[in-house]
Amino acid sequence: MKRRLSCVYKGEMNLLEEYRWRGMLQDSTQGADEALGKGPVKAYIGFDPTASSLHVGSLMPIMGLVHLQRMGHSPLVLLGGQTGLVGDPSGKIEERPVLPKDQVEENLSGIRGQLEHFLDFDSSVNPAQTVNNATWLADLQMVDFLRDVGKYFSVTSLLNKESIKRRVKDQDTGISFAEFSYVLLQAYDFLALNEKYGCTFQMGGSDQWGNITAGIQLIRKARNKKAYGITYPLVTGPEGNKFGKTETGTTWLDPKRTSPYRFYQFWMNVDDSLVIDYLKQFTLLEAKVIQDLRSVHNERPHERMPHRKLAEEITSLVHGQDGLSKARIATEVLFGGELGGLRADEIEDVFSDVPSSEMSESDLSDEGLSILDVVTNAGLTQSRSEARRAIEGGGLYLNNIRVTDIESRLEAGNAADGRFFVLRKGKKNYHLIRLLH
RNA sequence: GGUGGGGUACCGAAGCGGUCAAACGGGGCAGACUGUAAAUCUGCUGGCUCAGCCUUCGUAGGUUCGAAUCCUACCCCCACCA
């Protein structure tokens, strides 16, 4: 059920124009437009293996590659297995911790798996490819590197790079030689990809501009060949704050780290002022469709159609139809919908994020347990008194049905599909009890 | 070291012999409204076997039928003076 996103190159479609109207173009080097117009190209983006999963912050470059492939170009994904061992100083205030090698390995395979949701690696015409720069960096000799690459860089110009300048100035943190040299490694990556794969484009976030142009210069000076670069704008939240972070942490693409439900909710909760931008940047919907969504939203904002569409599109892209339907069921249930029709495995799935405990059937023998005790033991309330007040105030639910009687007892017969008790205090405080037979 | 003021529930702050589980404000929780937002409104906000009982007003004693409130000692804070 992998989507076919690739297609044969058609000269009349212009990638940069697509990026422009979608608000995905920050900057491009001279001649990039013409070079793309001449025929299919190979373009690469490097992904950082600092974690075993990508998060929503990487979505812009990923979508960049998706558009690229849809226009018949070939995307190349560089997994920086080696550069990950050094650490890129761009956009970082402090030196980063260096990761152990086996961790980097593990991260690489996780990331590769996620990209398969977006890119077509099996196309006969323009398949996506992943490359690990260990291929050329692992056995590189220091002296060779200095001669072939180092020679082309002036320290003065390196010191003038924004990412380095800022760190050199800061007396407290400074910059290590490893990080200082990072830009050379990335430039060398581009050179290597250019030679081995005929790659002529590099793309990346706007913080990568300095690294990208360094690569282009190296290719020009060392091989007298032309190469190009494109950067995507930085995605920010409503107050310019960091995108993708919520109270519960980073929003990851890995369903084990961020459940499809939470992922879906992340997009549902996007600020109104940004939803149209995000539709352009993170979905493949066409201009006309997005325009229509915008007018619907202006007329009936409370329906939040663009949010729904945004959440659905991206969730199905990242987690598939299956993930989307899980997220939908979870949304309905977690916002107070009926629990009755759900099967045990669906309940288990919906409430997988929720604190839970277990109880054996014998605990509930004939009399059952006082709901007050159950709620308090589950940690939903601090004391029986508090549980009592919650019920009196109408704020306690069993299996999404309001509990009205303080005296009511929990019995095996109440369990949803015979296996679960779903306790809820207020709108969002859940506790799941598994009934063991 | 001297003088004065003070320690009250999650926080701020009233209370100064019984009607005090303790006003009021903030925060928190819940309900209504709503767009899963904000604002607003309502209720709750020590524990329990809950029309009752038990434990709480810096700590330890005492006076009293009865103490957060009066007395004694101690501990800690703050202000001013040295």
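How far is a phosphate oxygen of RNA strand B from an N or O atom in the side chain of Y397? The distance is 3.1 Å. This is a predicted model, in which local features need pLDDT of at least 70, side-chain atom pairs count only at pLDDT 80 or more, and totals for chains, interfaces and linings use all residues. Residues are numbered from 1 along each chain as its sequence is written, chains are lettered from A and ligands numbered from 1 in the order in which they are written, and side-chain values use heavy atoms, with hydrogens and water left out.

**Around RNA strand B**

- There are 21 residues around RNA strand B, where a residue is near a strand if one of its heavy atoms lies within 4 Å of it.
- Q265, S383, S385, R389 and N429 come nearest.
- These surroundings divide into three nonpolar, 11 polar and seven charged residues. Ala, Val, Leu, Ile, Met, Phe, Trp, Tyr, Cys and Pro count as nonpolar, Asp, Glu, Lys and Arg as charged, and the others, Gly among them, as polar.
- Sugar or phosphate accounts for 61% of the RNA strand B atoms within 4 Å of the protein, and bases for the rest.

- R389 places a polar side-chain atom 2.4 Å from a phosphate oxygen of RNA strand B.
- K425 has a polar side-chain atom 2.9 Å from a sugar or linking oxygen of RNA strand B.
- Two elements, α12 (260-268) and α18 (384-392), each give two or more residues to the surface near RNA strand B. Helices here are DSSP runs (H or I, at least four residues), numbered from the N terminus.
- The largest share, four residues, comes from α18.

**Helix α13**

- Helix α13 (residues 272-282) is largely enclosed by the rest of the structure, because eight of its 11 residues are buried. Buried means under 20% relative accessible area, with a 1.4 Å probe and protein chains only.
- Those buried residues are L274, V275, I276, Y278, L279, K280, Q281 and F282.

**Aromatic rings**

- The structure holds 11 aromatic pairs. Rings of Phe, Tyr and Trp (its six-membered ring) pair if their centres lie within 6.5 Å.
- W267 and Y278 form an edge-to-face pair (planes over 60 degrees apart). Their centres are 6.1 Å apart, with 85° between the planes.
- W267 sits in helix α12 and Y278 in helix α13, 11 residues apart.
- Both W267 and Y278 are buried.
- Ring pairs join F263, F266, W267, Y278 and F282 into a cluster.

Key: Polar contact = N/O pair within 3.5 Å; in protein donor to acceptor, adjacent residues only side chain to side chain. Buried < 20%, exposed > 50% of the residue type's maximum accessible area, 1.4 Å probe, protein only. Phe/Tyr/Trp six-rings, centres within 6.5 Å; stacked < 30°, edge-to-face > 60°.
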